[in-house]
Amino acid sequence: AQATWLKQFPVSRALPTFPLFKMACLERGGHFWRVLPCLTICASAAPGGCIDTYKVVLKRPKGERVQPSEVGELYSHYCKKNMRVSSAKSMDELCAPLVRKTEDKMRWVPADVDVTPEVACMSVDKLQETYPQQVPVAKALMQLAEEQEKQQNMVMDKAKVLRSKLTSEVKQVLGSWGQELVVRLGARAKEQAEAVLGSAFGEDSKKVLAKQLEDAAVLASRGVETKLVQKLDEVVGSWASIARREMKAKATDGAQDEL
């Protein structure tokens, strides 16, 4: 299959509407080309399209300023509210690349600048020309972001390996425990059946009783294993969240010291 991807326009030229190029399957000479669904933010043909968009994105009560660090979150709200798309992915996942581009762009704007639609629609080159004092700061922030992304990826890779190893350990430990549970419970059941029922009842009925209890123990041990393996997603996920925060805080502190 040959995938054709449609080019995505820069975030700074985004419109309030998000057309989706739907999946299509074209038959040519017995072969099929599957055109994958591609979400694209189209540039406005009318002048001021970007300005009009960011008037909505940056709308605040009169007199309130918009800091560069706030633009990404504001654009995220705008994107999730206005995107029209049928996809298995969540709105957060679909909007994340666009929000990230916006955040990357805002690094070239000094923290004390009130971001207006005009500022938001400037190109990176224009921002560098307008705020030359921010260039070294932005470069340092971009480098920090790259390092943080590498660290995040490392955490995710470690989380996958950790979950796999823990899954094996859980199955091994519970496998041994389950076998011991069945043997001991079966033996105890036979002892109690003999003590309580004595010779007045046949041996077959006692064996059936013990066997049914052993079978129940097998199912119970498997259920415990399943629950614990499922719990590993939450456990490892919690570890990954804490690890990411720790690494991000450490990297941020180091970058601030350099700046």
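1. Val224 sits in helix H7, residues 203–258. Its relative accessible area is 35%, so Val224 is partly exposed. For the wording: buried is under 20% relative accessible area, exposed is over 50%, and partly exposed is in between (1.4 Å probe, protein chains only). Helices are DSSP runs (H or I, at least four residues), as are strands (E, at least two), and they are numbered from the N terminus.

2. A word on what you're looking at. This is a predicted model, in which local features need pLDDT of at least 70 and side-chain atom pairs count only at pLDDT 80 or more, while totals for chains, interfaces and linings use all residues. Residues are numbered from 1 along each chain as its sequence is written, and side-chain values use heavy atoms, with hydrogens and water left out.

3. How many disulfides are there? The count comes to two, taking a disulfide as a pair of cysteine sulfur atoms within 2.5 Å. Cys50 and Cys121 form one of them, with their sulfur atoms 2.0 Å apart. This pair links distant parts of the chain, 71 residues apart: Cys50 is in helix H1 (residues 49–57), and Cys121 is in the loop between helix H4 (117–120) and helix H5 (124–130). The torsion about the S-S bond of Cys50 and Cys121 is about -100°, so this disulfide is left-handed. Cys50 has 13% relative accessibility and therefore counts as buried.

4. A disulfide also joins Cys79 to Cys95, at 2.1 Å from S to S. Cys79 belongs to helix H2 (residues 68–82) and Cys95 to helix H3 (residues 91–106), so the bond ties together parts that are 16 residues apart in sequence. With -90° about the S-S bond, the link of Cys79 and Cys95 is left-handed. Cys79 is buried at 0% relative accessibility, and Cys95 is buried at 1%. If you number the bonded cysteines in sequence order, the pairing reads 1-4, 2-3.

5. Now the inside. Which residues touch the most other members of the largest nonpolar core? Among its 27 residues they are Tyr54, Leu58, Tyr75, Val109 and Val115. The elements giving two or more residues to this core are H1, H2, H3, H4 and helix H6 (135–197). Apart from it lies another core, of five residues, including Ala159, Val236, Ala240 and Ala243. A nonpolar core means a set of buried Ala, Val, Leu, Ile, Met, Phe, Trp, Tyr and Cys residues joined through side-chain atoms within 4.5 Å.

6. The whole structure has two aromatic pairs; rings of Phe, Tyr and Trp (its six-membered ring) pair if their centres lie within 6.5 Å, and planes under 30 degrees apart count as stacked, over 60 as edge-to-face and the rest as tilted. The rings of Tyr75 and Tyr78 have centres 5.7 Å apart and planes at 50°, so that pair is tilted. Both residues lie in helix H2, three residues apart, about one turn of the helix. Tyr75 is buried at 0% relative accessible area, and Tyr78 is buried at 5%. Ring pairs link Tyr54, Tyr75 and Tyr78 into a cluster.

7. Last, the charges. A search of the whole structure finds 12 salt bridges, meaning a side-chain nitrogen of Lys or Arg within 4 Å of a carboxyl oxygen of Asp or Glu. One of them brings Asp233 and Arg163 together at 2.4 Å, N to O. Asp233 lies in helix H7 and Arg163 in helix H6, so the pair ties together parts 70 residues apart in sequence. Asp233 is partly exposed at 45%, and Arg163 is partly exposed at 26%.

8. Lys206 and Glu203 also meet in a salt bridge, at 3.5 Å from N to O. Both are in helix H7, three residues apart, about one turn of the helix. Is Lys206 buried or exposed? At 5% relative accessibility, Lys206 counts as buried, whereas Glu203 is partly exposed at 44%. Elsewhere, salt bridges that share partners join Arg60, Glu64 and Glu70 into one network.
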